[in-house]
Amino acid sequence: MARIPQVRRVLFNDEEIGMGFNSDSGLAVGTALEGFTVSSDPVATGQTVTSTITIVSTHEELQETLGMSFEAQGRYGFFSASAKTTFSESSNYNSTSTFLVARVVVENALRRGRGFKVTGDAKALLDALRFDEFKRAFGDSFVRGLQTGGEFYAVIRITSVSVSHQTSLAATLQAEANGLVASGSFKASFEEANKSAGTRSEYTATMFQKAGSGAQISPTVEIGEVISRFKQFPAIASDSSAAYEAEVVTYDTLPLPVPTPEEQEAFLFALADARERKLGYIQTRNDLEFALRHPDFFRDPPSAEVLMAAISAYTRLINAAMQHAIKLSRGQISPPRLFDPGELVPPLTEPAPIRLVRVTADPTVQPATLRLVSLACRTASDPSPSTDEIMIRVDDVPLPGPFPVDMSAGDQLRLDNTFLLGSAAMKIQVWDLDGGLGDDDLIGTVTVTGAERGTGQKHVQLSDGQGVYELVYEVV
């Protein structure tokens, strides 16, 4: 059983100091406290500034850089209507482009309430031991302080026909923002890249800003504007600060007869799983939408009809995962359970994987190829004299041929299956069917990327705790 932290930070959502906070919904509710004062530390009036220019490589890393990771917020679904959440989930992250995030966070001294006393109405509920009614009216926590200052985030997407030029442009922009190369270096490199069809490139810049007013908060579109705002933002946040986080504490920080709220481990696990599912669906849909709009970046891309059908299916899955997370956060799914699209009415099915292979402007550079070499049984999963009924799946698609194959200790199966590796990783799974395909039938999984090209044959041991198999593969 996980316990709600006594003190935690959440995204500011128009809360006021002293308001109650419901941890199940993530919303401020009635106010049970009065008679308090609000002030900042008079001897610590300075600011704290943190800034980074980061090249991110996954959707989750992008969310973490924007301060929107599951761990950072402690709950998922609280701020689905906030401007920052909308910004973080509209970045159109995809695996083809390179993404940079410029981040500046300015912290003023925390404004905090002191001397809280319980109102008469709240005390009457506590005296009568009506804790459930108290929680409904005033939540399980309250807002003790507000963090003012400001936040500035700019997400820059760079895409080039040439992968090497794409990487070079991203590195140049990062160096220019950090003052390591001359101002205007990125613009010059970008213009030079677009002189050739083989290095044709594009970029977009989107921003989120909390602090400032008037011209200080005007949109940044050009790279020069992004870098200028990035460097000027601490002064902007000093001139015109805004609240961007609330400090929320549980009522047991006060001398009140309220039991400390506890959260079920299953609830947190189910909530994190729903978020991971949604982010995975979003990234896959973004990859497919990018391929639909820019088919010239890919080798033999699927038809528009195939891509549109898959995009529609992933949109339905995203909406379903969001609804599941919202119901979990509101306590409408009890006991908590994992998101299973097959249990929906009507049920949903994830489309078969669509592999997108980048084209390259350099004809000497070929896409990496995964080659399966062999599978050997060291110890059977099923007790002798039974044999394991083995199936191999690559990205959830069964290998063609004689599968499933009966194997026992000492058996070795020669393989000669090849797969083009796109920009995403490829997943290989070994299953012992036993007449089904449940969670207990998976012997093991190995994930392969193009970065393994040229490193020779890999011998990977897979085990479900009983059976032991050795898979041999190479990336060429």
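Here are a few exercises on this predicted model, each with a worked solution.

Residues are numbered from 1 along each chain as its sequence is written. Local features need pLDDT of at least 70, side-chain atom pairs count only at pLDDT 80 or more, totals for chains, interfaces and linings use all residues, and side-chain values use heavy atoms, with hydrogens and water left out.

**Exercise 1. Get the overall picture of the chain.**

Start with the box: the C-alpha atoms fill roughly 75 × 65 × 40 Å along the principal axes. Next, look at the elements, which are DSSP runs numbered from the N terminus (helices: H or I, at least four residues; strands: E, at least two). You'll find ten helices and 23 strands. Finally, of the 476 residues, 46% count as buried, where buried means under 20% relative accessible area with a 1.4 Å probe, protein chains only.

**Exercise 2. Find which elements have the lowest and highest confidence.**

The chain averages 86, and 91% of the residues score at least 70. Strand β14 (residues 262-263) has the lowest mean among the elements, 44, while strand β11 (residues 141-160) has the highest, 95. Over residues 259-264 the pLDDT is below 50, yet this stretch has 16 contacts beyond near neighbours in sequence; a contact means heavy atoms within 4.5 Å.

**Exercise 3. Work out what lines the largest cavity.**

A cavity is a set of points on a 1 Å grid over the protein atoms alone where a 1.4 Å probe fits but cannot get out, and lining residues have an atom within 4 Å of a point. Its volume is the space filled by probe spheres set on the points, which are joined across faces, edges and corners. The largest cavity comes to about 70 Å³. Now check the lining: β8 (98-107), α6 (163-177) and α8 (223-239) each supply at least two residues, and α8 gives the largest share, four. Among the lining residues are I53, L100, I156 and F230. By type, the lining has eleven nonpolar, no polar and no charged residues (Ala, Val, Leu, Ile, Met, Phe, Trp, Tyr, Cys and Pro count as nonpolar; Asp, Glu, Lys and Arg as charged; the others, Gly among them, as polar).

**Exercise 4. Locate the largest nonpolar core.**

Such a core is a set of buried Ala, Val, Leu, Ile, Met, Phe, Trp, Tyr and Cys residues joined through side-chain atoms within 4.5 Å. The largest has 28 residues, with L370, L375 and Y473 touching the most other members. Elements giving two or more residues to this core include β15 (369-379) and β23 (468-475). Apart from it lies another core of 24 residues, among them V104, A177, F186 and F230.

Key. 1 Å grid on protein atoms, 1.4 Å probe; cavity = no way out; pocket = protein on both sides within 12 Å on 5 of 7 lines; lining within 4 Å. Buried < 20%, exposed > 50% of the residue type's maximum accessible area, 1.4 Å probe, protein only. pLDDT = per-residue confidence, 0-100.
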